Amino acid sequence: ASFTISLHKADNTTVMIKLRPGLSPSCQIRVKTVTWSELKIKPGQNVTFSFTCRTPEKYFIAEIQKNIDCVSGPCPFGDVHLYPPGLPRLNRTYTWDVKASTKAGLELKFTTSWLRQIEPGETCPDSISYNINSSIDQATVNIGTFCRNGSVSRVKLLGGVVMSLHLPWHSALTTSGFNIANRASIKRLCIIESILKGESSITLMSPNYPLGFPEDELMTWQFVIPPNMRASVFFHNYSLSNCERKEERVEYYIPGSPSNPEVFKLSDSQPANIAGSFNMSLQGCDQDAQNPGVLRLLFQVVVQHPQVDENVTHLVDLSKEKNMTVTIHSEGWPSHIPLMSEPICLICKDPRTCDRALTLTSGAVYRISFLCKDLSRLRITAEKGIGCMDIRWCQGKIYSLSVPKAITRLPIRLYKFIWKLLATDLINIEITSPSLKLQQHVREQRCNTSYSYSIVSATPETELNVGVFCPGGSIEKIQMRNNITISLKTFGKGFINESIPQDLKMSFVPHIKDECIFTVSPNPKAKVYLQTPNWPYGLPPYVSVSWFIVVPSRQTARLGFSKDRMGIACETGRAYVNIKEEILGAEEIVRREDELLPQPRNMHHNFWVNVSNCKPVDKTQLTLQFWVTFADKQIDLGIILAVVAGAGVLTAIGLTVFCVKKKKKKTQNPMVGVYNTNVNTQMPGKKGLFGKGRQNNESHVYAVIDDAVVYGHLLKESNGSVAPEVDVYRPFDGPMGSLPPSPPPFSFRKDIKRSSNTEEEPLPLMDTDQDTYTFAHQKSGQSEDNGDANIKDKGDTSVPLLENKEQDGLVE
């Protein structure tokens with residue numbers, strides 16, 4: 001097919017057909033008998049051409065530029081047409097370069113379809129887009145890129161306009177969709193009018209976004225709101241330049257406001273619940289020439305119906321709380337920005353100060369209201385800090401880790417409550433749950449309550465995820481070193497009723513040796529599963545954890561491990577599992593990482609389980625799980641027979657002695673004292689845990705003799721040179737009682753011999769999310785207030801209102 005394009009000289013239009021960037025000229029343009037890779041048709045020319053391929057839209061694009069002079073001659077007001085006709089079906093870009101004086105700005109009015117601004121790099125659903133640039137002298141400012149079907153109805157610009165329309169090759173659009181409506185001086189960069197109908201949401205950007213708003217410029221957005229609707233403004237992304245003079249700000253002209261213009265910083269919460277149409281202006285400043293910075297703004301305007309309960313206020317009394325913040329926010333905040341079709345929930349601390357999130361601080365009383373059709377879409381996240389810098393002031397003080405009633409009384413679901421417990425190096429933290437007790441969430445014993453606690457122990461160097469726990473278990477007490485973060489997370493709506501008997505307590509205690517100590521007091525009929533912290537990623541190197549299991553007096557506990565081996569190989573040191581009953585003379589059970597774990601065994605008294613890690617040889621870490629069950633103590637039949645037989649013997653002896661005494665009663669001889677050297681004359685007393693003092697015996701020292709010691713002579717005969725290796729293990733150090741068995745010191749864990757055992761992959765038992773919170777470790781010199789960590793809020797500085805300016809309207 002051939003195409004003929006005829007351009008009148010008075011139209012001042014140029015057509016350029018050229019190859020798409022990056023494509024080879026496998027298709028060409030034929031004019032008569034000559035082929036070209038591009039074709040330029042100037043005003044006054046008449047050209048007939050064709051393509052050498054059947055699908056030229058794959059290779060060529062068309063650029064049509066029309067120059068309009070509104071300075072030296074009359075301005076062609078009215079609709080702007082797509083000219084010339086008869087263009088081939090190619091991707092087309094129409095550009096209208098309109099020259100105008102800065103004393104007479106131009107107004108573009110969009111007739112067939114209003115526009116919607118998009119971010120750079122975003123594409124329009126129908127691939128039809130507009131790009132508007134303001135041309136002042138030699139400078140060009142990109143006002144923005146827009147798609148069809150939006151709310152922007154008019155744009156007024158200072159000086160000239162460069163307007164571009166991009167059409168795909170398959171588009172059948174025949175009109176430009178805009179006209180040049182008027183010209184009048186506006187004394188600012190531009191004015192953008194946006195008409196919103198019904199409940200809706202629009203997103204707009206400052207000119208040159210995201211590169212930066214021009215220096216010391218002023219622009220305005222005019223929003224037309226239906227009289228029965230309310231509008232709210234939200235800043236989602238902004239940055240500030242470095243000002244030498246003036247101050248960057250936004251100004252609002254709101255009908256009925258006693259202080260127009262209302263001046264806000266970009267960092268302030270912007271006005272909300274605005275009744276009626278309003279204007280918003282962005283003012284730049286004189287920037288630092290050496291380091292100007294970037295002023296940019298992306299914001300959202302949401303329009304919705306007035307809420308029925310907008311005048312209903314809720315009292316939130318935080319006057320007696322310390323170091324606590326409460327944030328009420330929409331679901332998905334802050335990452336989720338509502339779509340245009342989504343209704344938005346707002347939280348207000350006064351009728352005009354509303355936002356998608358509102359933060360309340362302790363020590364004050366608030367009256368808040370909600371502009372939200374569905375309160376179930378709102379959430380509460382709270383945080384409280386408790387600190388101790390000196391154990392003399394904190395020891396013996398018990399803190400209740402329960403959610404304040406000021407929060408539970410609100411008609412909003414509590415999403416998360418975080419306690420940050422801060423202490424110095426020599427002060428540790430004890431968590432107790434006396435009545436409810438805690439259950440560790442494991443695969444075999446999942447939490448099914450409406451809330452759970454995630455406990456994380458943290459220092460600047462390491463972080464230990466202790467685990468997820470819920471009420472109704474067997475763990476009475478958890479003692480931990482370092483700072484602690486406890487996160488209460490709720491699931492569903494049952495938290496309010498289930499959380500009434502909360503009994504989680506916290507206190508500061510002196511230093512403990514292990515990283516973590518659990519005290520477990522199970523129900524005699526329960527089967528309890530316990531696992532090492534940091535599951536399923538494994539204990540950090542050289543960390544030691546202990547469990548103290550309480551066995552009822554008439555019960556026998558059965559202890560078993562969920563796998564046969566620890567499943568690790570040590571690069572430095574040794575990993576151990578220690579088990580010992582808390583009774584005089586009890587046997588200590590010790591297993592290294594290269595040995596089989598103990599088979600299930602009965603424990604008749606309270607006992608300790610200690611797990612101590614080494615530095616593993618690869619990324620596989622130590623994960624260990626064990627279980628405990630209980631049964632009534634059984635009396636052996638042999639013991640009963642022995643007792644009965646013993647009683648019979650004693651009866652016979654008693655009768656014999658009675659008869660002998662009767663017989664000898666008549667002939668009594670004088671008593672004679674005999675000294676027996678074999679009788680112990682010492683007073684009976686409570687024996688120690690060991691028969692001799694640990695410093696005087698070596699009963700607790702075990703020597704593991706390498707095979708090279710026994711078979712060394714055979715190796716020498718084969719010219720082998722093997723040095724004997726002895727690994728000495730010292731399991732317990734110190735008195736028994738409330739203290740756990742001490743892990744072996746690192747000096748005895750060192751072993752250059754690496755285990756060759758096959759490593760087992762641990763089963764992932766946890767299926768819950770692990771919320772981790774870390775914080776800086778406080779120094780001992782930090783100030784304190786009644787044991788609570790000091791958390792200060794920054795006050796807002798007030799901004800004086802600017803002098804009233806005359807509002808610029810759009811002139812028809």
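These legends accompany several close-up views of a predicted model. Residues are numbered from 1 along each chain as its sequence is written, and side-chain values use heavy atoms, with hydrogens and water left out. Local features need pLDDT of at least 70 and side-chain atom pairs count only at pLDDT 80 or more, while totals for chains, interfaces and linings use all residues.

View 1. Searching the whole structure gives 22 aromatic pairs (rings of Phe, Tyr and Trp, the last by its six-membered ring, with centres within 6.5 Å; planes under 30 degrees apart are stacked, over 60 edge-to-face and the rest tilted). Trp221 belongs to strand β19 (residues 218-224) and Phe299 to strand β27 (residues 293-304), 78 residues apart; helices (H or I, at least four residues) and strands (E, at least two) are DSSP runs numbered from the N terminus. Trp221 is buried at 0% relative accessibility, and Phe299 is buried at 0% too (buried is under 20% relative accessible area, exposed over 50%, partly exposed in between; 1.4 Å probe, protein chains only). Look around and you will find one aromatic cluster, made of Trp221, Phe223, Phe235, Tyr252, Phe264, Phe278 and Phe299.

**View 2. Phe469 and Phe518 form a tilted pair.** Their ring centres are 6.4 Å apart and their planes lie at 35 degrees. Phe469 is in strand β40 (residues 463-471) and Phe518 in strand β44 (residues 516-520), so this contact ties together parts 49 residues apart in sequence. Phe469 has 0% relative accessibility and counts as buried; Phe518, also at 0%, is buried.

**View 3. A disulfide joins Cys243 to Cys285.** The model has nine disulfides, counted as pairs of cysteine sulfur atoms within 2.5 Å. In this one the S to S distance is 2.0 Å, and the torsion about the S-S bond is about -85 degrees, so the link is left-handed. Cys243 lies in strand β21 (residues 243-245) and Cys285 in the loop between β25 (278-283) and β26 (286-287), 42 residues apart in sequence. Cys243 is partly exposed at 35%, whereas Cys285 is buried at 1%.

**View 4. Strand β43 pairs with β35 and with β37.** Strands pair if DSSP finds at least two bridges between them. Two bridges join β35 (residues 399-400) to β43 (residues 505-510), running antiparallel, and six antiparallel bridges link β37 (residues 427-432) with β43. Keep an eye on Lys505 of β43: Lys505 is the bridge partner of Ser400 and also of Thr432.
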